[in-house]
There are 4 protein chains.
Amino acid sequence: MTGHFRDTFPPLDWWVHPTGPNNLITDVSGVSVGHYTHNTGDTARTGVTAILPHNGDLFDRPVHAASAVLNGFGKSAGLVQLDELGEIETPIILTNTFAVGDCSKALTKRAIRANPKIGRKMPTVNPLVLECNDGVVNDIQAYHVTDEMVDFAIDHASANFAQGTVGAGTGMKTFGFAGGIGSASRIVKLQDKTKYNLGALVLSNFGQKSELRVMGKKLSAFDHACPDVVDKGSIIIVLATNAPLDSRQLGRVCKRSGAALGRLGSFWGHQSGDIAVAFSTANSHSRSDNIRYDAVRLSENCMNEFFHASVEAVEEAVLNALWFGRASNGYDGKKLPEFCALFEQ
Amino acid sequence: MTGHFRDTFPPLDWWVHPTGPNNLITDVSGVSVGHYTHNTGDTARTGVTAILPHNGDLFDRPVHAASAVLNGFGKSAGLVQLDELGEIETPIILTNTFAVGDCSKALTKRAIRANPKIGRKMPTVNPLVLECNDGVVNDIQAYHVTDEMVDFAIDHASANFAQGTVGAGTGMKTFGFAGGIGSASRIVKLQDKTKYNLGALVLSNFGQKSELRVMGKKLSAFDHACPDVVDKGSIIIVLATNAPLDSRQLGRVCKRSGAALGRLGSFWGHQSGDIAVAFSTANSHSRSDNIRYDAVRLSENCMNEFFHASVEAVEEAVLNALWFGRASNGYDGKKLPEFCALFEQ
Amino acid sequence: MTGHFRDTFPPLDWWVHPTGPNNLITDVSGVSVGHYTHNTGDTARTGVTAILPHNGDLFDRPVHAASAVLNGFGKSAGLVQLDELGEIETPIILTNTFAVGDCSKALTKRAIRANPKIGRKMPTVNPLVLECNDGVVNDIQAYHVTDEMVDFAIDHASANFAQGTVGAGTGMKTFGFAGGIGSASRIVKLQDKTKYNLGALVLSNFGQKSELRVMGKKLSAFDHACPDVVDKGSIIIVLATNAPLDSRQLGRVCKRSGAALGRLGSFWGHQSGDIAVAFSTANSHSRSDNIRYDAVRLSENCMNEFFHASVEAVEEAVLNALWFGRASNGYDGKKLPEFCALFEQ
Amino acid sequence: MTGHFRDTFPPLDWWVHPTGPNNLITDVSGVSVGHYTHNTGDTARTGVTAILPHNGDLFDRPVHAASAVLNGFGKSAGLVQLDELGEIETPIILTNTFAVGDCSKALTKRAIRANPKIGRKMPTVNPLVLECNDGVVNDIQAYHVTDEMVDFAIDHASANFAQGTVGAGTGMKTFGFAGGIGSASRIVKLQDKTKYNLGALVLSNFGQKSELRVMGKKLSAFDHACPDVVDKGSIIIVLATNAPLDSRQLGRVCKRSGAALGRLGSFWGHQSGDIAVAFSTANSHSRSDNIRYDAVRLSENCMNEFFHASVEAVEEAVLNALWFGRASNGYDGKKLPEFCALFEQ
């Protein structure tokens, strides 16, 4: 099946805010995304997805950021310092649970290549690696992910990128279906007509099939066939905006991802690492500006629009992860069906 | 219109967990609820709702508890100590925003009447008062709520109680409609066939009409008539269970209320105090057991059922608050329409 | 005994950062402090202390702020919203535990007088009231504190103010001694020679006598006479600066108060509400600037100086609260001795 | 210099609670500690320290636990899940900043060896790795730490272990001096005469020399010689007890470490990951008890004793880390002097 989710499910009145030009997180100018898909046909169905807040040196010029742990049954790395300092200083890497250590090391090495004094004359770097467990179809004990895959994903990051069963999403399962990586974006228009972009990218690996709501309809409206399995998955949500939100405001945006999960039918299952990270590309400054700098701030009165837009972007990003997922056969025989096949004719 | 929400909207496959016998928070044994409704026809459309975790001396025998602040634009009192000690030691009072101070004082005085040494030979007491702003139809500057109303609500608490535009819900507005107070409950059945009750009571005062989803359908499916207003409201969620959850586990349950708000169409609007409080009636012990006591603990593996049940109970409690709301004329001419009138024939 | 703590205990090398001109929180320009001392000789030994971040309309022009709950065994009001929005929009009121409700109401009424649309056409206001329990010498069940006392304290706020057993500190007990209110300030000098002021004011009611360290010496070096009592007290810490710290950075400053308590010999006793609040007078803007505004930000690299200065200011503020305390006879016969009497000749 | 810190600095009245039999964290029965010290004489001055809450299978039988992030400028792994579930399910590994990824992987592999279904039929495991930056004398870019070192430290864990410049402490710097690993313990005696042990182990790498207080005296009382350097370090604090504290109570204990740092003269410097983790060996149960289990709980009234004891244990653990440190020459010529040499004759 070709086309987008919206071709089959027209927006009707479900969505309020318009999408950005490509309905991708990269509608936020400067943001790029790259994948390394590792699907060998034997035990590997995994990969790496990199999100770059900008293409410069993030260690020298970090972005303002925040996180929200909706459910902390997860092994992501880098959140403690992100929360303390309110900034992200490496590309954001998404991968499988057991690859967090290796990906952290790969990010550190990469930062050292750009700034050889890191850990010597300069402080250490805080690698940000977020994960879900693709163990249903990928043998995570095989530790497939390597430094090179991280570098590849970062080096190939661009404004255009694939969704579904690609990159870190290769082995993921969403509401019982294959997929993965999804993205969406919204335009936020303020009272004075200023427009900002807000985009979401998810690594989606959560949800109990019988609970899925597609634009409000339970899946049973479409399909009763597949067996249901208790939700044991996770979701990582990355939000980007060019609006000048500070870290506290970005934290408020992060939390709203929980409403999007609710709209999709999730109850934030127990065995799940549901974590959102948000950053702003605005007000960035070099660390060598080491005393003070000027910033623009948005009044709190504007936040409602960002909250609403972020809930829509996250909800649609998950639906896109479902839509673009392609059926997958697991390393030990489990199969993940294709969501969009339900709607083919 | 008579009957319940479920009479008009049959459960179909929307809900998974069965309700308790009365579909009320008081299905949790020992819990009681009382109202004082203050609707004078001039400036007052407000009141007090009291939830009693048990009918004994809560200062001597507090209940294990937790809270979650989904959105902190609110003025509730007592949460700092609740979070530190993981317990509730007074009845829970719901009221309007400006009445928090007076209700706190009323709770303190009441605790002193039961334990005259409080603040003298004994520590002070931590009154728990949660609020929403009923200023759309009630003149909150008039400070209508009194000590007597708090005492009345507590003294008249019982297992049966009214919903909708009553008690603290008298002047509240939910997704543009009148109401209020709503409740629902679920039975949680564990693998070993043990059953527990989990109930929710909401003081609902949130939501943007155009965003409401009733069991997945946007309201536009039923009604286009009323003007839409930006969400500036709040919601207080009280959850009760007889399952032996400790305060950390209750905190995890609290957070899931955010998923329920998402299912209803809320994006946790900016100007909103969205706060959940949960308590367990199990493992209670007297403060005079001042060294150690025995407790039963539930394995974390059981939590999924409580999470799912709590999301359903909160969602249905809000729908009940809508359903039982009766049209209200505000002190300065604003009118809040009746939700269930949309479905009359 | 006349003079300051520093007259008897010269700074030696204990302190590193220089004090501001008056060694008071009001060294931060625009900040003022007022007291109402209520000591009737019968049951009342209590009062109110007001800290005004600036003399304008705080509801229209809130200040950036943060809080840290070191120990949450306390009943302060207003912290939930302060944390969510990162701002303070009323004077900060310090008082006794049972007076929180009445002082909240007094602040709300005062805000309405300045902005009559609050709670009608405008949102409600978030009164910030922090408390300690002066029940050792004051009969808090008598509810001595009134609206008028709150207004008096605010109306009489100035750059000069008394310390010790005054205002909210009238009935407080610090490490077994009378007092109270203390203050101190530091000058923070950054690498580029810019100077900022940082001031602390404490409502001190904590500490176990045998654990007190005065500039590193346990009190036993000076005095063995008085009986020791288990620490059941609290401390409220208010920090002010004119440096352009944002709410996240102010939160980091708040937490360091815990180090100051450690230097004084406290182990943050169980039955204690140890709460710090910090605000910056910089980057303030009117709410009617409702889209965006310009701000200056300080690089995180500068934070060390503020942390160090805040620890010193809080430590010395508590020592000043001790130093300026005057012996007090409680309503039921308990006596609080005078700290500085130990050093008289 | 031989002997202990206490031989040269007699306790006098500085400490209140008695130490356990060996004044080590391993005074808590079942706890063991192992080191791998990697000091090659060229670029490596680093290592691994393992703390085992018990000698059984921690994945099957996790211990109740909590953490407190005093200052989050750090890269530790495993805290998100620890906070969510309130338990530790692997040995606790301490190491250098850049070794976190490799040590996480080593812990995961080890858990898989014990439970081959992890990540396949069973959930993934949450490796707990805490770090400080030993980059002053160790070349962390060389990535010296290996799987084998982690296994060695765990396999050689015992009740007796060395302190100072050993294991993860090999390259650490405390208040300008070499060292490292320190430990201490206290006996907590409750009102009913029950006794519990509480122990601390620190990986100490923080503090500005001029600010150090040794039992209340600034170091200038002993030594003016060495140059002072701004505090850029970190401290990891591990607390263990056999008292039946639940995760909320353990979290309260964790936070008190901040008071201990204050007593030592720290202001919790900006560039520091100051993190405390606490666990209880009581109430442990197998995951295969998957519905409910019995637990003993301690009344909150007992907490004061644990707070006081933990502050003392952490303070003395840092002093022991200093005391047992041996002078170190860094890979690029920097030297860390020996603290105890100041007191030799």
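## Strand E3 of chain C

Which residue is the bridge partner of Gly72(C) in E14(C)? In this predicted model, that partner is Gly273(C). The bridge belongs to the antiparallel pairing of E3(C) with strand E14 (residues 273-280) of chain C, which extends over eight bridges.

E3(C) also pairs in the antiparallel sense with strand E4 (residues 87-88) of chain C, here over two bridges. Within that pairing, His64(C) has Glu87(C) as its bridge partner in E4(C). Strand E3 itself, residues 63-72 of chain C, is mostly covered, with nine of its ten residues buried.

## The four-stranded sheet of chain D

In chain D, four strands form an open sheet of mixed pairing, in the order E1-E2-E5-E6.

Strand E5 (residues 92-96) of chain D pairs with E6(D) in the parallel sense over five bridges. Leu128(D), in E6(D), is the bridge partner of Ile92(D).

Helix H3 (residues 100-114) of chain D lies across strand E2 (45-52), E5 and E6 of chain D and runs at about 155° to E6(D). Helix H4 (residues 147-155) of chain D packs on the sheet and touches E1, E2 and E5 of chain D, its direction making about 140° with that of E1(D).

## Helix H7 in chains B, C and D

In chain C, helix H7 (residues 303-323) has 21 residues and reaches 30 Å from its first C-alpha to its last, close to the 30 Å expected at 1.5 Å a residue. Of these 21 residues, 20 are buried, so H7(C) is largely enclosed by the rest of the structure. In chain B, the end C-alpha atoms of H7(B) are 30 Å apart, which agrees with the 30 Å that its 21 residues should span at 1.5 Å a residue. H7(B) is likewise largely enclosed by the rest of the structure, because 20 of its 21 residues are buried.

Ala317(D) lies in helix H7 (residues 303-323) of chain D. With a relative accessibility of 0%, Ala317(D) counts as buried. Leaving aside residues up to four places away in sequence, Ala317(D) touches Gly182(D), Ser183(D), Ala184(D), Ala200(D) and Val202(D). Between Ala317(D) and Gly169(D), the separation is 148 residues in sequence and 13 Å in space, C-alpha to C-alpha.

## Aromatic rings and charges

Over all chains, a search of the whole structure finds 48 aromatic pairs. One tilted pair is formed by Tyr196(B) and Phe306(B), at 6.2 Å centre to centre with 40° between the planes. This pair links distant parts of the chain, 110 residues apart: Tyr196(B) is in strand E10 (residues 195-205) of chain B and Phe306(B) in helix H7 (residues 303-323) of chain B. Tyr196(B) counts as buried at 10% relative accessibility, and Phe306(B) counts as buried at 0%. In chain A, ring pairs link Phe5(A), Phe9(A), Phe177(A), Trp323(A), Phe339(A) and Phe343(A) into a cluster.

Charged groups also sit over rings. In chain C, the charged end of Arg186(C) is over the ring of Trp15(C), 4.9 Å from its centre. In chain D, Arg186(D) lies over the face of Trp15(D), at 4.9 Å from the ring centre.

Notes
Residues numbered from 1 in each chain as written. Chains lettered and ligands numbered in written order. Predicted model: local features only at pLDDT ≥ 70, side-chain atom pairs only at ≥ 80, totals over all residues. Heavy atoms only, no water. Expected span 1.5 Å × (residues − 1). Buried < 20%, exposed > 50% of the residue type's maximum accessible area, 1.4 Å probe, protein only. Phe/Tyr/Trp six-rings, centres within 6.5 Å; stacked < 30°, edge-to-face > 60°. Lys NZ or Arg CZ within 6 Å of the ring centre and 35° of its normal. Pairing = 2+ DSSP bridges. Contact = heavy atoms within 4.5 Å. Axes fitted to C-alpha atoms, helices over the stretch in contact; angles between N-to-C directions.
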